[in-house]
Amino acid sequence: MPLGIQRLNAHQAHPNDRIIFIKPLPGPTSAHAQDFLSRIAAICKPIMTAAHLSVTTLEEYEPNPEFIGRNFNAGEIIQLVLRAPRTGHWLSFRSVQMVMMHELAHC
């Protein structure tokens with residue numbers, strides 16, 4: 001576990017041991033968002049392991065026209081927008097994956 005932080009009482013298996021917490025926005029779409037973020041975390045695991053990258057929290061951010069991803073304190077928190085701001089439709093997995101890779105470049 002990176003950063004000297006340990007998860008206790010995990011309710012399910014974690015897809016990436018280099019990411020401590022995965023947090024979707026609360027609401028009716030939180031289960032789908034949790035799955036979406038978990039798949040993003042899983043696909044990033046080999047790259048994060050090879051580059052020794054760690055992220056404390058990967059979380060969903062509300063749809064907005066300003067940005068689709070941001071990184072605080074070199075990976076302490078990475079926030080990803082999963083839905084389009086005007087329509088509310090889910091963004092493609094590929095585009096969110098590219099944003100996640102971009103945000104990892106800031107770690």
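Two strands pair if DSSP finds at least two bridges between them. Helices (H or I, at least four residues) and strands (E, at least two) are DSSP runs, numbered from the N terminus.

This is a predicted model, where local features need pLDDT of at least 70, side-chain atom pairs count only at pLDDT 80 or more, and totals for chains, interfaces and linings use all residues. Residues are numbered from 1 along each chain as its sequence is written, and side-chain values use heavy atoms, with hydrogens and water left out.

**Exercise 1.** Find how strand 1 and strand 2 pair, and which residue stands opposite Phe-21.

*Solution.* 
- Start with the pairing: strand 1 (19–23) runs parallel to strand 2 (residues 55–61), over 4 bridges.
- Now look across: Thr-57 in strand 2 stands opposite Phe-21.

**Exercise 2.** Decide whether Asn-16 is buried or exposed, and list its contacts.

*Solution.* 
- Locate Asn-16 in the segment before strand 1.
- Asn-16 counts as buried because its relative accessibility is 0%; buried means under 20% relative accessible area, exposed over 50%, partly exposed in between (1.4 Å probe, protein chains only).
- Leaving aside neighbours within four places in sequence, Asn-16 is in contact (heavy atoms within 4.5 Å) with Ala-41, Cys-44, Lys-45 and Met-48.
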